[in-house]
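Let us walk through this protein step by step, beginning with the chain as a whole and then turning to one pair of its elements.

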Amino acid sequence: MNKSNCVFVLLFISFYCPLLSENQKLHIQQFAAESFAFLLRKAKNHDSVFDAVLLALESMPDLWQGIGFLLAEMCKGVKKQFHSCTEKLLPHVLRKLGPFQDKEEMASHLPWNLVRPLCSRKFQKVEYYSK
């Protein structure tokens, strides 16, 4: 990711983190996730985006539900279909969460006690939406 894109992602994460926090009402978290997902789908380097988002989770554990919403919204399309970029995005997300990561330091620093409920929230939301 080039420097301007990296600054863009970090800037938006700093704006959206307070809105994705579990201290916010559910409808605010949901709307923040929907609007941020729209922007993040446009990113060219999704690995860097997910690194930044998951590192935000490490520093602010109360983001687990909001980030779960965000990941679900990134895959959500219209008419209960998946978004066309889901095929590209889902492998990036799973690679970041699984044991086969390129950067071992990322795996060791993730707050795994929060990653599990985050993923659970994401897949519950996707399941509910696609029924």
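Of the 131 residues of the protein, what percentage count as buried? In this predicted model, the share of residues that count as buried is 43%. The surface can be described as well: the accessible surface of the protein comes to about 7700 Å², and 61% of that area belongs to carbon and sulfur atoms.

Turning to the secondary structure, you can find seven helices and zero strands, so that reading along the sequence gives the pattern α-α-α-α-α-α-α. To see how parts of the chain meet, consider the contacts between residues at least 6 apart in sequence, among which 69% join residues that are at least 24 apart.

Helix α3, which covers residues 46–59, packs with helix α4, which covers residues 64–75, at an angle of about 160°, and their axes lie 10 Å apart. Because angles over 145 degrees count as roughly antiparallel, this angle makes α3 roughly antiparallel to α4. The crossing in which α3 passes α4 is left-handed.

Which residues make this contact? From α3 come Phe50, Val53 and Leu57, while α4 contributes Trp64, Ile67, Leu70, Leu71 and Met74.

Note on methods: Residues are numbered from 1 along each chain as its sequence is written. This is a predicted model: local features need pLDDT of at least 70, side-chain atom pairs count only at pLDDT 80 or more; totals for chains, interfaces and linings use all residues. Side-chain values use heavy atoms; hydrogens and water are left out. Axes are lines fitted to C-alpha atoms, for helices over the stretch in contact, and angles run from 0 to 180 degrees between N-to-C directions. Helices (H or I, at least four residues) and strands (E, at least two) are DSSP runs, numbered from the N terminus. Angles under 35 degrees count as roughly parallel, over 145 as roughly antiparallel, 65 to 115 as roughly perpendicular and the rest as oblique. A crossing is left-handed if the near helix is turned anticlockwise from the far one by less than a right angle, and right-handed if clockwise. Contact means heavy atoms within 4.5 Å. Buried means under 20% relative accessible area, exposed over 50%, partly exposed in between (1.4 Å probe, protein chains only). Accessible areas come from the Shrake-Rupley method with a 1.4 Å probe; for residues, only the protein chains shown count as cover.
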